[in-house]
Amino acid sequence: MPERTLRASVTALGVDWQQRPLRPEPGLAALLAQPALSEGDKATVVQALGAELVDVCLAHGYHSMDLVVLHPDTPGLDEALARFDLPHTHADDEVRYIVDGAGLFGFFDAEGREHSMRVGPGDYLRVPAGAEHRFTLTSARRIKALRLFSDTAGWVAQYTARVADPMEVLE
Ligand SMILES: [Fe+2]
């Protein structure tokens, strides 16, 4: 699907999809190039890049932020991906700012059609509460993303009854 058509489709579903290019920051590129990060390194990344999202925090009341890091050696990665791949909604907005790696979001419209979009560094997404979607990684199985929350529950999904084949894993 041409990007303009895809953008129109996901926008119609209430998804805010923006490009916010990563600001070059000394030392940050070297941290992001590592597959795994210590908790201290994650905090460094949140501190360095969180300021880029102050406007959306203020606009939507997000008051906590963390960095999710997935890579091929993440314990339980297959189980996590199996959960993310099932169509679901959240009671809170799902807000992600991709800072490394890649992934694939699928959004379902009222007719049950799935609109899939690949995301990578600099993509900012706000999936509104209640919007049905799912997610997987690309074949590199690696992503780093800032997550913004307006509550402290973290990732809680309500699975929908939709039966769907697993998402196609892209390069
Ligand atoms: Fe989700």
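Below are my entries on the metal site, the helices, the strands and one loop proline.

**Ground rules.** I am working on a predicted model, where local features need pLDDT of at least 70, side-chain atom pairs count only at pLDDT 80 or more, and totals for chains, interfaces and linings use all residues. Residues are numbered from 1 along each chain as its sequence is written, and side-chain values use heavy atoms, with hydrogens and water left out.

**Iron site.** I looked up what holds the iron ion: His88 (NE2), His90 (NE2), Glu94 (OE) and His133 (NE2) coordinate the metal at 2.0 to 2.2 Å. Donors here are N, O and S atoms within 2.8 Å of the metal (3.2 Å for Na, K and Ca); water is not among the atoms, so sites may look incomplete. The four donor atoms subtend angles of 77 to 170 degrees around the iron ion, which makes the arrangement irregular. For that call, four donors are tetrahedral if all angles lie between 85 and 135 degrees; four are square planar and six octahedral if opposite donors are over 155 degrees apart and all others between 65 and 115; anything else is irregular.

**Helix H1.** H1 covers residues 3-12, and Leu6, Ser9 and Val10 are buried in it. They sit on the same side of H1, because they cover an arc of only 90 degrees around the axis (taken from the directions from the helix axis to the C-beta atoms). Arg4 and Ala12, on the other side, are exposed. Helices (H or I, at least four residues) and strands (E, at least two) are DSSP runs numbered from the N terminus. What do the buried residues of H1 pack against? I find strands E1 (16-19), E5 (103-108) and E6 (114-119), with contact meaning heavy atoms within 4.5 Å. Just after H1, I noted a positive phi of about 95 degrees at Gly14.

**Strand E5.** Six of the six residues of E5 are buried, so this strand is largely enclosed by the rest of the structure. Gly103, Phe105 and Phe107 point one way, while Leu104, Gly106 and Phe108 point the other way. E5 runs antiparallel to E6, with six bridges joining them (strands pair if DSSP finds at least two bridges between them). Phe107 stands opposite His115 in E6. The two strands form a hairpin with five residues between them, and Gly112 in the turn has a positive phi of about 85 degrees. E5 is also joined to E8 (residues 133-137), antiparallel, by five bridges, and there Gly103 has Leu137 as its bridge partner.

**Strand E9.** Here I count seven of the seven residues as buried, so E9 too is largely enclosed by the rest of the structure. E2 pairs with E9 in the antiparallel sense over seven bridges, with Met65 partnered by Leu148. E4 is antiparallel to E9 as well, over six bridges, and Arg96 stands opposite Arg147.

**Pro35.** Last stop is the loop between H2 and H3, where Pro35 lies. Pro35 is partly exposed, at a relative accessible area of 41%. Leaving out residues up to four places away in sequence, Pro35 touches Val69, His71, Arg142 and Lys144. The C-alpha atoms of Pro35 and Val69 are separated by 8.0 Å, with the two residues 34 apart along the chain.

How values were computed. Buried < 20%, exposed > 50% of the residue type's maximum accessible area, 1.4 Å probe, protein only.
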